[in-house]
Amino acid sequence: MNSSENLFSKFLQSKSIFKNREALTISFSPENIPHREKQINDLGRILAPALKGGRPSNVFLYGRTGTGKTLISNFVGSELEKISENNGQTIKVLYVNCKMKRTADTEYRLMAYLSKMLGKVVPFTGLPTDQIYKAFFETLDEKKQTVILIIDEIDALVEKTGDEILYNLTRINQDLKNSKVSLIGITNSLGFIESLDPRIKSSLSEEELIFPPYNALQLQDILRGRASVAFIPGMLEPGVIEKCAALAAQEHGDARRALDLLRVAGELVERNTEQKVTVKHVDVAQEKIDIDRILETVKAQPRQSQAVLFSIIELAEKNKEIQTGEVYDNYQEICKKHGFKILTTRRVSDLIAELDLFGIINTKIISKGRYGRTRIISLGLSSSIIKKLKKLLYEIFL
DNA sequence: AGTCCACAGGAAGGGCAGGCGA
DNA sequence: TCGCCTGCCCTTCCTGTGGACT
């Protein structure tokens with residue numbers, strides 16, 4: 001037996017514990033969606049007028065991450081499309097997530113993306129904004145149809161580009177002769193709708209649906225349903241599903257988190273060529289998910305942001321509470337050492353705020369009276385994550 | 001009561017890259 | 001190739017501020 005066979009033989013001999021790993025990812029569409037019957041029925045009732053050629057009301061969906069908003073709007077949307085085919089109506093459902101980087105995170109990109117989904121190719125950049133609107137409107141109005149536009153993470157879009165785009169979209173029907181458009185806005189920010197211009201608010205939220213967090217028992221049901229598709233029977237030890245559900249329930253009842261935990265736990269078992277998923281694997285999975293998320297975020301940062309974080313980590317080794325000024329001084333040293341351009345304090349201040357937003361650092365603005373106002377910065381991560389983070393940054397900067 | 005520190009963070013705009021159409 | 005448009009990163013300039021110190 002040669003070495004490469006040796007390398008993989010253990011893996012090949014071991015049987016996979018998964019039947020269909022996909023069932024534990026968010027892109028999977030399960031056959032039934034437990035504990036969301038009310039939301040499905042409500043949304044169906046709201047969108048039903050489209051089947052008789054009417055324009056459904058605009059709807060707003062609220063709820064925290066992993067409460068099924070996206071899943072259900074896509075589910076109801078595709079059911080509607082299916083039925084409309086038999087019914088002689090043309091209904092088109094367009095889904096767009098505004099957090100998709102470089103796809104729909106600006107006004108221009110959103111319109112370009114939507115046009116593309118309707119079959120009209122427009123350049124990614126270069127056209128004036130009013131032309132891209134025109135292109136979208138014209139494509140939309142080419143034939144008689146009802147278009148349901150699902151805008152996911154709508155708060156991210158407004159935060160970045162302002163609410164003018166929503167104003168334009170809510171008035172879109174005034175300019176259309178043939179087609180009708182209704183909007184489904186999805187957000188996990190409960191205060192979002194209140195922050196909108198009243199005119200937009202009233203037309204955007206003609207109807208509202210609330211998605212409460214799942215409790216631990218409901219999460220168990222969801223996990224059992226998915227696990228029966230995902231795993232070969234008998235691969236989960238008792239208590240595994242309960243543990244995943246309990247951990248996810250602590251994090252505001254996030255079904256996505258619960259599924260991730262179960263999937264990663266399964267992957268750990270498979271990688272170690274062990275037999276069964278145990279409660280212990282869930283604990284390891286929990287930590288692994290956190291570490292991976294942080295490391296991926298840091299890796300994806302531009303060099304300047306990494307330099308700022310490196311500065312913070314170096315200082316955090318010496319003292320617990322760090323101020324913006326200290327971070328900047330140390331950052332300058334790092335830049336000199338590596339030949340980077342030194343950014344202004346203003347810019348670095350924004351980079352620090354960004355790192356805070358990502359959850360990599362914790363900041364708090366305090367006043368030290370005579371000695372000024374500043375951010376107090378600390379690393380709010382577990383020691384094992386900090387260790388890996390240090391390793392990653394030392395590889396880059398030493 | 002007033003001062004003043006060390007920043008926070010808003011507004012405006014410069015410069016560049018990517019990508020058009022002419 | 002040129003002029004034009006947009007997004008992005010960044011600078012410049014500026015106003016705002018909580019509370020220790022005088």
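# A walk through the structure

Keep in mind that the model is predicted. Glu153 sits in the loop that links strand E3 (146–152) to helix H6 (154–161). Is Glu153 buried or exposed? Its relative accessible area is 16%, and because buried means under 20%, Glu153 is buried.

In general, the strands of a sheet pair through backbone hydrogen bonds, either parallel or antiparallel.

Now let us follow the pairings one by one. Strand E1 (residues 59–63) runs parallel to E5, and five bridges join the two.

Strand E4 deserves a visit of its own. How many bridges join E1 to E4? There are four, and the two strands run parallel. Within this pair, Val59 has Ile184 in E4 as its bridge partner. E4 is also joined to E3, by six bridges and again in the parallel sense. Here Thr146 stands opposite Lys180 in E4. Why can E4 be called largely enclosed by the rest of the structure? The reason is that seven of its eight residues are buried.

Further along the chain we come to a pair of helices. Two packed helices are described by the angle between their axes and the distance between the axes. For helix H10 (residues 240–250) and helix H11 (residues 255–271), the axes come within 8 Å and cross at roughly 140°. H10 and H11 are therefore oblique to each other. The crossing in which H10 passes H11 is right-handed. On the H10 side, Val240, Cys244, Leu247 and Ala248 take part, and they meet Arg257, Ala258, Leu261 and Leu262 in H11. Sorted by kind, the residues of this contact between H10 and H11 are seven nonpolar, no polar and one charged.

The next stop is His281, which has its place in helix H12 (residues 279–300). With a relative accessibility of 9%, His281 counts as buried. Which residues does His281 touch, once those up to four places away in sequence are set aside? They are Ala265, Leu268, Val269, Glu274 and Lys276.

The axes of helix H14 (residues 324–338) and helix H15 (residues 345–357) come within 11 Å, crossing at roughly 110°. H14 and H15 are therefore roughly perpendicular to each other. Their crossing is right-handed. H14 contributes Thr324, Val327, Tyr328 and Tyr331 to the contact, while H15 contributes Thr345, Val348 and Ile352. These residues of the contact of H14 with H15 divide into five nonpolar and two polar, with no charged ones.

Our walk ends at a second sheet. Three strands make up this open sheet, in the order E6-E8-E7, and their pairing is antiparallel. Strand E6 (322–323) and strand E7 (362–367) are the edge strands, and each pairs on one side only. Six bridges connect E7 with strand E8 (residues 373–378) in the antiparallel sense. To find this pairing in the model, look for Lys364, whose bridge partner in E8 is Ile376.

Technical notes
Residues are numbered from 1 along each chain as its sequence is written. Chains are lettered from A and ligands numbered from 1 in the order in which they are written. This is a predicted model: local features need pLDDT of at least 70, side-chain atom pairs count only at pLDDT 80 or more; totals for chains, interfaces and linings use all residues. Side-chain values use heavy atoms; hydrogens and water are left out. Buried means under 20% relative accessible area, exposed over 50%, partly exposed in between (1.4 Å probe, protein chains only). Axes are lines fitted to C-alpha atoms, for helices over the stretch in contact, and angles run from 0 to 180 degrees between N-to-C directions. Angles under 35 degrees count as roughly parallel, over 145 as roughly antiparallel, 65 to 115 as roughly perpendicular and the rest as oblique. A crossing is left-handed if the near helix is turned anticlockwise from the far one by less than a right angle, and right-handed if clockwise. Contact means heavy atoms within 4.5 Å. Ala, Val, Leu, Ile, Met, Phe, Trp, Tyr, Cys and Pro count as nonpolar, Asp, Glu, Lys and Arg as charged, and the others, Gly among them, as polar. Two strands pair if DSSP finds at least two bridges between them.
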